[in-house]
Amino acid sequence: MKIIYPKEEVCIGCRYCEIYCAVEHSKSKDIIKAFKLENPRPIPKVRMVQNGPVSFALQCRHCEEPDCVYACITGAMHKDKETGVVIHDAKRCIGCWTCMMVCTKGAIERDEEMRKIASKCDLCIHLDVPACVSHCPNEALVLIEDNQIKKP
Amino acid sequence: MLSERMFQVKKYKYLIIGGSVATVAAVEGIREIDGDGSIGVVSYEPYHAYSRPMISNYLMDDIELEDMYYRPLKFYEKEKVDSLLGKTVVKVSPDEKKVFLDDGDCISYERLLVSSGGRPIIPRINGVDKKGVYRFLSLDNAREIKASLKGLERVVIIGGGLSGMKAAEAIISIGVRVSVIEMMERVLKPVYDETACGIIKALFEDKGVDVLTSSQAEEIYGRKDDESSAGGVMLKGGKKVDGDIVIMSVGVIPQVDFLKDSGIEINRGVVVDKSMKTNLPDIYAAGDVAEAYDILLGINRPIPIWPKAYYEGRIAGLNMAGGNEEFSGIFAMNSADFFGLPTMSAGIVNPEDDSWESLVEFKPEENYYKRIVLKNNKIDGMIMVGDAVDRAGIILGLIKDRIDVKDFKDKLLDKGFSIADLPASVKRARIRDVALA
Ligand SMILES: Cc1cc2nc3c(=O)[nH]c(=O)nc-3n(C[C@H](O)[C@H](O)[C@H](O)COP(=O)(O)OP(=O)(O)OC[C@H]3O[C@@H](n4cnc5c(N)ncnc54)[C@H](O)[C@@H]3O)c2cc1C
């Protein structure tokens, strides 16, 4: 499967990833309309995280052993067998936040704008390249096959 | 005749007792390794696996059974599983490798998983057999309660634990008055500390729920016009709490009755090793029925929570199919939303003495509360209420992986605390990768 890999050495903390993620997940997919007119306002599913001068973009890691999927009490979370993407089915979510409690990366948020449901990266599965990756001005996000990375 | 009957004995490579999360997890685990081996599932609940925690949503909202299915209705069919629903296993016979059902049938197995979950604790209270006394553990329970609620004025709930409080939330939300009777000095005491319990209690009282703590239910008395139907609960000391129905929610214990003469080792729950094997060959156990290793307390004990049931069920399934997986253990963890207020806790939340330290941030006006319980720079527990729940899993991960937090302790309470603040090795593990190969 593909995963998005953050390179903190080159991340400049500009938050373009957040903006373009929100736009991609908005109704209009238009940057002006999405932020000015849409209600609920789209929220980004990627976040720039920072510690002093170091920053990088963090989104769902689509874990091999996804705790959120295992812990979800309704069945709203599942890992797609073919693509490996951890998918959140908003219709089945009751906002119990169990997924957020067990995500050791802190990559799941509460979407209170829309409905009280969990919000997470869907890897822009409908695009060739996820919006955060294609809009990162410094190539601090790259899309790679997960066999290109060493396991911890 | 006998031989003819014997030919009809069903036989499965994998037989699973139970029809809930641990069962589904085991099926998924088995199918990761063995795509074809025959699987049979026997469950006395006549429903496709559903989300048990959602029975409070069922009570409160206009939702149907279909909205509660834990996996799509076609799940068993797709995974080539024979599901025998509405059937109860009354006996397990490990010598013959057979289980016996209430309808007289028996089923042979090569490998057996016991994932029979929990059964309600029946408190020693007079009058529990009266009409209008319900439990709150299953969809059937919720259906009975829902059907009886129409036209009722007042409900009494015995037990202020998580499911009792979820029932109270549901019932007050549909406009029926509720009293909760709790024996301990506060509701949810095992799950939260005094401050968090205080916030939650105030919230319930604000919504109109009567919360009676330090109150022991002694008797369910009858109605004036009908002694055989519940009319309320008499407390120790003589106080009467009237109610048209009574819901008993005093907890669950492992459902092990049918294992009595099987030779399977049972302590408080079924005793399992790290691979989810019981003491007998080819018999595994997982979920609420089984004890788990509590990595914080260092003991084996039942921990009746959904995530544990999944983790264990999956590992049991993988191992039944020839895998070699171990469950590293777990600790108590709960996340519950009350009237839109998110609350969470994990691990040790009421430390016994001051060998633990606590980092606390409490903003009463916002219902914001975060407490992190530590000893020797390792986090043993966490409590979050309100917006403090955001990214709580990072803290939970530090508990689970026993990470030394000395170098970033001062950041643990920060709103912006993220994995960027973790030591490099932990951070990299969280990002999932060490480096590009
Ligand atoms: C109201 C409520 C709210 C809850 N909320 C939460 C929550 O928010 N978060 C959380 O983590 N946990 C919650 N829990 C706990 C959670 O539901 C359980 O931990 C979980 O369901 C355990 O799953 P299990 O597969 O072990 O067994 P169970 O769900 O208990 O299911 C056991 C199954 O075994 C079958 N069975 C039992 N004995 C036999 C037999 N002899 N023959 C045939 N079949 C048998 C039954 O039909 C049943 O389907 C809640 C529980 C309740 C009641």
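Analyst: A helix here is a DSSP run of H or I with at least four residues, numbered from the N terminus. The model is a predicted one. Just after α5(B), G151(B) has a positive phi of about 80°.

User: What makes residues of α5(B) count as buried, and which are they?

Analyst: Buried means a relative accessible area under 20%.

User: Why are β8 and β11 of chain B called edge strands?

Analyst: Two strands pair if DSSP finds at least two bridges between them. The open sheet of chain B has five strands in the order β8-β15-β9-β10-β11, with parallel pairing. Its edges are β8 (133-135) and β11 (210-212), because each pairs on one side only. Neighbouring strands in this sheet are turned against each other by 20° on average, with direction ignored.

User: How do you know that β10(B) pairs with β11(B)?

Analyst: Three bridges connect strand β10 (residues 177-181) of chain B with β11(B), and the two run parallel. At least two are needed, so the strands count as a pair. V180(B) stands opposite V211(B) of β11(B). Helix α5 (residues 139-149) of chain B packs on the sheet, touching β8, β9 (154-158) and β15 (245-248) of chain B, and its direction makes about 140° with that of β8(B).

User: What describes the packing of α2(B) and α8(B), and why is the crossing called right-handed?

Analyst: Two packed helices are described by the angle between their axes and the distance between the axes. For α2 (residues 21-33) and α8 (residues 306-320) of chain B, the axes come within 7 Å and cross at roughly 35°. The crossing is right-handed, a term used when the near helix is turned clockwise from the far one. Residues in contact include A22(B), A25(B) and I30(B) of α2(B), which meet residues of α8(B) including W306(B), Y310(B) and L318(B). The contact residues divide into ten nonpolar, three polar and three charged.

User: What makes a set of residues a nonpolar core, and which residues have the most contacts inside the largest one?

Analyst: A core joins buried nonpolar residues through side-chain atoms within 4.5 Å. The largest has 130 residues, and V99(B) and L412(B) have the most contacts inside it. Beyond neighbours within four places in sequence, L412(B) contacts residues including L359(B), I372(B), V405(B) and F417(B).

How values were computed:
Residues numbered from 1 in each chain as written. Chains lettered and ligands numbered in written order. Predicted model: local features only at pLDDT ≥ 70, side-chain atom pairs only at ≥ 80, totals over all residues. Heavy atoms only, no water. Axes fitted to C-alpha atoms, helices over the stretch in contact; angles between N-to-C directions. Contact = heavy atoms within 4.5 Å. Nonpolar A, V, L, I, M, F, W, Y, C, P; charged D, E, K, R; others polar. Buried < 20%, exposed > 50% of the residue type's maximum accessible area, 1.4 Å probe, protein only.
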